[in-house]
Amino acid sequence: MTTFAQRISETPMAPYAALLRGMTREQKQIVVTYITESMEEPAVEAKSNAEIIREKFKGLKISPELKKLRGCIKLTEEDLKDERTQYILNR
């Protein structure tokens, strides 16, 4: 055993050290799997591209210069609310 593994006596797991010695390899693997899984941090759910874009452009306003150009491109209110249109107009 490594020095690091021998430090088990300094942890709350110390009373179980003798019990571990009497376990089969399969039982030890079950215990190690449990301990390993308990150390993993919960996975963070990835946001979809649509959610990222929606957050990025939330609250963006169309500049007065672009509003003056509206007559040239005929945008409806629905077009102005579209995320792709907002992306194009605000870049």
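Predicted model: local features only at pLDDT ≥ 70, side-chain atom pairs only at ≥ 80, totals over all residues.
I take contact to mean heavy atoms within 4.5 Å. Residues are numbered from 1 along each chain as its sequence is written, and side-chain values use heavy atoms, with hydrogens and water left out.

**Entry 1: Lys-28**

I looked up Lys-28 and found this residue in helix 3. Helices here are DSSP runs of H or I with at least four residues, strands are runs of E with at least two, and both are numbered from the N terminus. Setting aside neighbours within four places in sequence, I find Lys-28 in contact with Leu-20 and Met-23. Lys-28 counts as partly exposed, since its relative accessibility is 36%. For this label I use under 20% relative accessible area for buried, over 50% for exposed and partly exposed in between, with a 1.4 Å probe and protein chains only.

**Entry 2: the whole chain**

I counted elements next and got 8 helices and 0 strands. The pattern along the sequence reads α-α-α-α-α-α-α-α. Of the 91 residues in the chain, 10% are buried. The chain exposes about 8600 Å², and 58% of that area comes from carbon and sulfur atoms. Accessible areas come from the Shrake-Rupley method with a 1.4 Å probe; for residues, only the protein chains shown count as cover.

**Entry 3: confidence**

I checked pLDDT, the predictor's confidence in each residue on a scale from 0 to 100. The chain average is 79, and 88% of the residues score at least 70. Among the elements, helix 3 has the highest mean pLDDT (89), and helix 6 (residues 70–73) has the lowest (63).

**Entry 4: salt bridges**

I searched the whole structure and found 3 salt bridges. The criterion is a side-chain nitrogen of Lys or Arg within 4 Å of a carboxyl oxygen of Asp or Glu.

Glu-83 pairs with Arg-54, with the closest N and O atoms 2.9 Å apart. Glu-83 belongs to helix 8 (residues 83–89) and Arg-54 to helix 4 (residues 49–56), so this pair ties together parts 29 residues apart in sequence. Both partners are partly exposed: Glu-83 has 23% relative accessibility, and Arg-54 has a relative accessible area of 47%.

Glu-55 bridges to Lys-47, and I read 3.0 Å between the closest N and O atoms. Glu-55 is partly exposed at 47%, and Lys-47 is partly exposed at 46%.

Asp-82 and Arg-84 meet through their side chains at 3.4 Å, N to O. Asp-82 is partly exposed at 25%, whereas Arg-84 is exposed at 63%.

**Entry 5: Thr-85**

I then moved to Thr-85, which sits in helix 8. Is Thr-85 buried or exposed? Thr-85 is buried, because its relative accessible area is 17%. Apart from neighbours within four places in sequence, its contacts are Leu-75 and Asp-79.

**Entry 6: a nonpolar patch**

Which residues make the nonpolar surface patch of about 370 Å²? I list Tyr-34, Ile-35 and Met-39. Patch members need over 30% relative accessible area and no salt bridge; like charges are joined within 9 Å, and nonpolar side chains (Val, Leu, Ile, Met, Phe, Trp, Tyr) within 5 Å. Tyr-34 lies in helix 3 (residues 25–39). Tyr-34 counts as exposed, with 61% relative accessibility.
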